[in-house]
Amino acid sequence: MRVTTVVIGAGHNGLAMSHCLTARSIDHVILERGEVANSWKTERWDSLRLLTPNWLSRLPGYRYDGDDPDGFRTMPETIGFIERYASVVRAPVRAHTRVTSVRAIDDGYEVATDQGEWQCRTVVLATGTTAVPTLPPFAAALPPDIRTVTPTSYRNPEQLEPGGVLVVGASASGTQIAEEILRSGRPVTIAVGEHVRVPRTYRGRDILWWMDGASVLDDRYDEIDDLTRARNVPSPQLAGSLDRRTVDLNRLTGLGVRMVGRLAGLADGKAQFSGSLHNKCELADLKMNRLFERIDAWATAQGLDREVDPPHRFEPTRVEASPPLTIQLSEFRTVVWACGFRPDFSFLQVPVFDFKGRVRHDGGVVQAPGMYVIGLSFLRRRKSTLIDGAHRDAPDVCDRLAAFLDRTPLEARESP
Amino acid sequence: MTTTKKPVDNGVNVEALLGARQALTEAPEAAKFTWRASCEWLRGTHSRSSVQGFYGLGEEQKHRTTYTFDADHPEIFASEDNGATPVEMVMCGLASCLTAGIAAVAQNRNIQLHSVKATLEGGMHLHGILGIDSDVRNGFDDIKVTYDIKADATPEEIKAIVAQSQKRSAVYDVVTNPTNVTVVVRT
């Protein structure tokens, strides 16, 4: 089968690309291994809500129009939102079609699936950035009697045995899961490496309202100081909840979670933790305060100071003087690997990977003619991994794709 | 905070460092370094270590000259005190590494340093190395580094430089994280 563009993945990014392609009359198909919003349906825990408020989900040709703009979607609500988008944009989704390989051919790419092959001139990778949970290299050395879960396989505390839980990672997933498991009565230890601390609300408004207003979320990939560092920044310690609570390390330790440094190794039946916890927390506190400075300056420039609460600062992260450096593994029945995710482009048989196995791209333009990617960390903007990120990323990437098609008309490519 | 019209100069060639970072990103093999040191026992607890050659950028490299370091123990350990104790040398390494990082980060952030002084304290319970109590570790139970820094920057900016220096420091990593150490005896 032949088509101009194959989009791989029918999440919000693939659907947003579809909308933009349709607007330019570029014929295309979306290949989806499962169904629309597949990972939201199959790889999320039960209590999860989006950490972005409902209004912060502007998509090309679609936006939230409900009566709770400041609420946070549950998973069923998220799935419904994305399914409605698929029908609104009339996305040509081929469900239950798993891509097995993408190879370069003379005039584009051949996309092999378990439902047949497609030839196309351009490919858009929209399979998402949270495809595969990353594990530390020594994860396999964990004793087999300790059960392990990841944010994609975790559902609720009831699936865990009674007993101690080590949560490895203190970003959005790790902090939320640690809080939920602690509330189930299990003792929880959280291993904390580099992390991003932000409160749910600041000066009476949602932190993401501030970051959107002050254009923090719109910082561009080609204007940022150190793009490599920016792309590796972990997700913020933010949770969506009915009571809009902040789930930071002070909250977790206040509830009784034991906090230790980054998990550094396993040896002699013990987990070893880095002695860097003080600095990791100091880095996060300093960074949070720099964000507040930017927000405060914007608020003053906008004349908002009388409308919102006055500027204030939060208590620094409380770290005990000498956190434990080793803990007997026998204290734990479960380890939650919440150390981050990576995309899965294992089907790509095109030399586009860097030395770390990451796809080389410039703002979504992959270093292979006619190949594009969307939804990766800081792809074009700080918010590229938020649903709202597709609002401007998808049209931008589609512009590049359309320009490529215009520059290389099919006839020219077919002539000898 | 004072403003100065002079260009910031901490004696760090940031352009060269950033250039090296770019070059080594594209040539990961060249980024593999091996550091070497040798050490010879002299008498009692007195030994002399030296460094000169190392490997990096794909070939053998050399310091400008050979540097030597005498180590010993103080007289209260019934030693002759011909040099620093090895654990003091570890603290020197940590301090020098963090301080070098502070200069580099400050330069990169366009902040002029006027003075940077570190004082270090490492607590140690001798019941560990003396084998009196197996629950006490041999090494430091805590290391405290205190910086006094004068610079054309706000206190928050200075704290951020010091924090970033820790994040990028090799010796800080060596000291705070486990490292496999293999000791073999040639026969």
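Two strands pair if DSSP finds at least two bridges between them. Helices (H or I, at least four residues) and strands (E, at least two) are DSSP runs, numbered from the N terminus. This is a predicted model, in which local features need pLDDT of at least 70 and side-chain atom pairs count only at pLDDT 80 or more, while totals for chains, interfaces and linings use all residues. Residues are numbered from 1 along each chain as its sequence is written, and chains are lettered from A and ligands numbered from 1 in the order in which they are written.

**View 1. Strand β17 of chain A and its parallel partners.** A residue is buried if 20 or more other C-beta atoms lie within 10 Å of its own, exposed if 12 or fewer, and partly exposed in between, with C-beta atoms placed from the backbone. Strand β8(A), residues 147-149, pairs with β17(A) in the parallel sense over 3 bridges. Thr148(A) has Val335(A) of β17(A) as its bridge partner. Strand β9(A), residues 164-168, also pairs with β17(A) in the parallel sense, over 5 bridges. Trp337(A) in β17(A) stands opposite Val168(A).

**View 2. Chain A as a whole.** Chain A contains 10 helices and 21 strands. Its C-alpha atoms fill a box of roughly 70 × 60 × 40 Å, taken along the principal axes. The radius of gyration of chain A is 22 Å, which agrees with the value near 22 Å for a compact globule of 416 residues. That radius is taken over C-alpha atoms, and the globule rule is 2.2 Å times the number of residues to the power 0.38. Of the 416 residues in chain A, 46% count as buried.

**View 3. The side of chain A that touches chain B.** Here 14 residues of chain A are in contact with 12 residues of chain B. Two residues are in contact if their C-beta atoms, placed from the backbone, lie within 7 Å. On the chain A side, β14 (263-267) and α8 (277-301) are the elements that give two or more residues. The largest share, 5 residues, comes from α8(A). By class, this side has 5 nonpolar, 8 polar and 1 charged residues. Ala, Val, Leu, Ile, Met, Phe, Trp, Tyr, Cys and Pro count as nonpolar, Asp, Glu, Lys and Arg as charged, and the others, Gly among them, as polar. The predictor gives the complex an ipTM of 0.83 and a pTM of 0.91.

**View 4. Helix α2 of chain B.** Helix α2(B), residues 86-108, has 23 residues and reaches 33 Å from its first C-alpha to its last, close to the 33 Å expected at 1.5 Å a residue. The expected span is 1.5 Å times one less than the number of residues. Buried residues of α2(B) include Met91(B), Leu94(B), Leu98(B), Ile102(B) and Val105(B). The buried residues of this helix pack against α1 (14-26), β5 (113-123), β6 (142-151), α3 (155-167) and α4 (170-176) of chain B. Just after α2(B), Asn110(B) takes a positive phi of about 60 degrees.

**View 5. Two loop residues with positive phi.** Ser215(A), not a glycine, has a positive phi of about 65 degrees. Ser215(A) lies in the loop between α5 (207-213) and α6 (227-231) of chain A, and counts as partly exposed with 13 C-beta neighbours inside 10 Å. In chain B, phi of Leu57(B) is near 55 degrees. Leu57(B) is found in the loop between β3 (46-56) and β4 (59-71), and is partly exposed, with 15 other C-beta atoms within 10 Å.
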